[in-house]
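Trainee: I have not looked at this one before. Can you put it up and walk me through it?

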Amino acid sequence: MRILAIESSCDETAAAISEDGRKILSNVVLSQADMHAVFGGVVPEIASRRHVEGVCGVVEQCLKEAELTFDDLDAIGVTYAPGLIGALLVGVNYAKGLSLARGLPLIPVHHMRGHIAANYIAFPELEPPFTCLVVSGGHSLIVRVKSYTEMEIVGGTRDDAAGEAFDKVARVLGEPYPGGLMIDRLAQKGDPKAYKLPRAQVDGAPFDFSFSGLKTAVRNTAHNAAQKGIEIDREGLAASFCAAVADTLVPRAVEAAREFGDTLAVAGGVAANSFLRARLEKEAKKAGLRLFMPPAKLCGDNGAMIACQAYYEYLAGARAGANLNAVATLPISRSYKG
């Protein structure tokens, strides 16, 4: 079964074609990062307009690379939630039009479920149930993946997501958007023990996170140094921040995986961070867990992960019609009901 999937939840216009879920025939991503870097972050209106301009060309390129035509497709998948509402609407409306014009089933896909599905592409042997640490620009979650379409949130952030904290810390340190990649590169040259930064805990919620205090501590450290005329150790502060994020995320994810089974996966843009990956490898091995981490190219937003998850949503009976709408916020545990 061949599924063309569209992803437009933030600032990447992406499309991919999967065959029976895990085989990816083509995967095209048009990034807007350079355009948004001027503003220090994503501007929703600009993102939406760029999706409108780019979606047709991305789909055409996707078909070309797969050496297929619309007649060779069996279904259309699309990210409908969560994300920037205007950006999502571009992909949703394009997918609805294509579904209607070609008489193909329309499969709605939750963006964060798509991130988890990136693991299925990278690791054919991985099957539910397992525990997944999902960390992206807007989400930080620990999820029990009970089946391909049944999921339960067991932990999450109480304030900022880890990826959001990376972008804000990058701004403090004078690094451009996207902040995650810039901070990781800067941190490679620094001492992770250069600055003492907080690791928050949430009383009564052992699997929950908090990054607001960490973000504020970095900002205060930089501002205090500037007020005293002291040059900040940018590399050391970046490394200390990355270490604090890993110290916050990894123990909780490992403990959850031990409680609910013996398998831990990681997903989302922050999963490409080298400090986090190194710490996960170390702690998972120590705990005797099977660990799955997709390659960096599948951690960020892409169409392949949506095409893969669309296959499993299709098997579970998820179908949408012309009334499909975009949804800005939606729990990963909630399946599409029409």
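Trainee: Which helix is Lys-215 found in?

Mentor: Lys-215 is in helix α7. Helices here are DSSP runs of H or I with at least four residues, strands are runs of E with at least two, and both are numbered from the N terminus. Before going on, note that this is a predicted model, where local features need pLDDT of at least 70, side-chain atom pairs count only at pLDDT 80 or more, and totals for chains, interfaces and linings use all residues. Residues are numbered from 1 along each chain as its sequence is written, and side-chain values use heavy atoms, with hydrogens and water left out.

Trainee: Is Lys-215 buried or exposed?

Mentor: Lys-215 is buried, with a relative accessible area of 11%. Buried means under 20% relative accessible area, exposed means over 50%, and partly exposed is in between, using a 1.4 Å probe and protein chains only.

Trainee: What does Lys-215 touch?

Mentor: Leaving out residues up to four places away in sequence, Lys-215 touches Asp-160 and Lys-168. Contact means heavy atoms within 4.5 Å.

Trainee: Changing topic, how many salt bridges are there?

Mentor: A search of the whole structure finds 16 salt bridges. The rule is a side-chain nitrogen of Lys or Arg within 4 Å of a carboxyl oxygen of Asp or Glu.

Trainee: Which residue does Arg-113 form a salt bridge with?

Mentor: Arg-113 pairs with Glu-313, and the closest N and O atoms are 3.0 Å apart. Arg-113 is in helix α4 (residues 111-122) and Glu-313 is in helix α10 (residues 303-315), so the pair ties together parts 200 residues apart in sequence. Both Arg-113 and Glu-313 are buried.

Trainee: And what about Arg-199, which partner does it have?

Mentor: Arg-199 forms a salt bridge with Asp-247, with the closest N and O atoms 2.7 Å apart. Arg-199 sits in the loop between α6 and α7 and Asp-247 in helix α8, so this pair ties together parts that are 48 residues apart in sequence. Arg-199 is partly exposed at 36% relative accessible area, and Asp-247 is partly exposed at 26%.

Trainee: Which residues are joined into one network with those two?

Mentor: Salt bridges that share partners join Arg-199, Asp-247, Arg-279, Glu-283 and Lys-286 into one network.

Trainee: OK, the sheet. What is the strand order?

Mentor: The order is β3-β2-β1-β4-β5, in an open sheet of five strands with mixed pairing. Two strands pair if DSSP finds at least two bridges between them. β3 (23-31) and β5 (106-110) stand at the edges with a single partner strand each, so one side of each has no neighbour in the sheet. The twist averages 20° from one strand to the next.

Trainee: In which sense do β1 and β2 pair, parallel or antiparallel?

Mentor: β1 (residues 2-7) and β2 (residues 12-19) pair in the antiparallel sense, over six bridges. Within that pairing, Ala-16 in β2 is the bridge partner of Ala-5.

Trainee: Which strands does α4 touch?

Mentor: α4 packs on the sheet and touches β1, β3, β4 (75-81) and β5, and its direction makes about 95° with that of β5. Those angles are between N-to-C directions and run from 0 to 180 degrees, with axes as lines fitted to C-alpha atoms, for helices over the stretch in contact. α10 lies across β1, β2, β3, β4 and β5, running at about 125° to β1.

Trainee: Which residues of the largest nonpolar core touch the most other members?

Mentor: They are Leu-133, Ile-183, Leu-197, Phe-211, Phe-241, Val-245 and Leu-249, out of 46 residues in that core. A nonpolar core is a set of buried Ala, Val, Leu, Ile, Met, Phe, Trp, Tyr and Cys residues joined through side-chain atoms within 4.5 Å. α8 gives the most to this core, with 13 residues.

Trainee: What is Leu-249 in contact with?

Mentor: Leaving aside neighbours within four places in sequence, Leu-249 is in contact with Leu-133, Val-135, Ala-162, Phe-209, Phe-211 and Leu-276. There is also a second, separate core of 35 residues, which includes Val-109, Cys-132, Val-134 and Ile-306.

Trainee: Last one, how many disulfides?

Mentor: Zero disulfides, a disulfide being a pair of cysteine sulfur atoms within 2.5 Å. For Cys-56, the nearest cysteine sulfur is that of Cys-62, 13 Å away.
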